[in-house]
Amino acid sequence: MKIYVGIDIAKLNHFAAAISSDGEIILEPFKFTNDADGFQLLVSKLESFDKNSIIIGLESTAHYGDNLVRYLVAEFYQVCVLNPIKTCQMRKNNIRKTKTDKVDTFVIAKTLMMQDDLRFVSFYDLDMMDLDYFGALSAENHKTTHPIENPTDNLC
């Protein structure tokens with residue numbers, strides 16, 4: 001039996017819930033903070049399940065979920081970052097048109113369950129995220145330390 005964990009990401013607090021492959025609610029939605037203490041709370045709620053049967057999904061939301069993804073991958077959980085377009089489709093199929101953090105956790109979990117080809121985040125992906133971050137940081141640093149030259153300065 002697979003366990004699908006849906007996490008709704010936000011700046012300060014996240015919500016998570018879990019359903020079984022049969023659609024049974026295993027973990028009611030709960031809130032946890034976007035820091036080490038909150039990540040520990042999430043893992044403590046998942047400890048009673050076989051780690052190999054857990055699939056964790058979250059929507060791609062800028063950088064707010066990056067630390068959580070890194071933490072979960074380092075703890076050897078299977079993590080998928082979902083395109084919000086996929087979860088939006090699932091949300092549209094929902095009978096209730098409410099959008100709350102708690103409802104979104106189940107939408108994300110159900111979206112995970114319906115995917116044929118899940119791509120899990122790897123350590124390689126995390127390295128690429130680091131390179132992207134440091135490349136952007138370097139470019140920003142270059143802009144502030146090297147003022148834009150007037151292109152006509154180098155003409156004869």
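Trainee: Which strands does α2 lie across, and at about what angle does it run to β5?

Mentor: Keep in mind that this is a predicted model, where local features need pLDDT of at least 70 and side-chain atom pairs count only at pLDDT 80 or more, whereas totals for chains, interfaces and linings use all residues. Residues are numbered from 1 along each chain as its sequence is written, and side-chain values use heavy atoms, with hydrogens and water left out. Helices (H or I, at least four residues) and strands (E, at least two) are DSSP runs, numbered from the N terminus. Here α2 lies across β1, β2, β3, β4 and β5, and runs at about 155° to β5; such angles run from 0 to 180 degrees between N-to-C directions, with axes fitted as lines to C-alpha atoms, for helices over the stretch in contact.

Trainee: What is the order of the strands in the sheet, and which are the edge strands?

Mentor: Strands of a sheet pair through backbone hydrogen bonds, in either the parallel or the antiparallel sense, and two strands are taken to pair if DSSP finds at least two bridges between them. The five strands form an open sheet in the order β3-β2-β1-β4-β5, with mixed pairing. At the edges are β3 (25-33) and β5, each of which pairs on one side only. From one strand to the next, the twist averages 20°.

Trainee: How many bridges join β1 to β2, and how many join β1 to β4?

Mentor: Strand β1 (residues 3-8) pairs with β2 (residues 13-20) in the antiparallel sense over six bridges, and the two form a hairpin with four residues between them; within this pairing, Ile7 stands opposite Ala16 in β2. With β4 (residues 54-59), β1 runs parallel, and five bridges join them. On that side Val5 stands opposite Ile56, while the bridge partner of Gly6 is Gly57.

Trainee: Are the two faces of β1 buried or exposed?

Mentor: In a regular strand the side chains alternate between the two faces of the sheet. Buried means under 20% relative accessible area, exposed over 50%, and partly exposed in between (1.4 Å probe, protein chains only). In β1, Ile3, Val5 and Ile7 on one side and Tyr4, Gly6 and Asp8 on the other are all buried.

Trainee: At what angle do α1 and α2 pack, and how far apart are their axes?

Mentor: Helix α1 (residues 36-46) packs with α2 at about 45°, their axes being 11 Å apart. The two are therefore oblique to each other, given that angles under 35 degrees count as roughly parallel, over 145 as roughly antiparallel, 65 to 115 as roughly perpendicular and the rest as oblique. Contact means heavy atoms within 4.5 Å, and by that criterion Phe39, Gln40, Leu42 and Val43 in α1 meet Asn67, Leu68, Tyr71 and Leu72 in α2. These residues divide into six nonpolar, two polar and no charged, where Ala, Val, Leu, Ile, Met, Phe, Trp, Tyr, Cys and Pro count as nonpolar, Asp, Glu, Lys and Arg as charged, and the others, Gly among them, as polar.

Trainee: What is the relative accessible area of Lys31, and which residues is Lys31 in contact with, leaving aside its neighbours within four places in sequence?

Mentor: Lys31, found in strand β3, is partly exposed because its relative accessible area is 49%. With those neighbours left aside, Lys31 is in contact with Asn13, His14, Phe15 and Leu41.

Trainee: Where is Phe76, and what is its phi?

Mentor: Phe76 is in the loop between α2 (66-74) and β5 (78-82), and has a positive phi of about 65° although it is not a glycine. At 60% relative accessibility, Phe76 counts as exposed.
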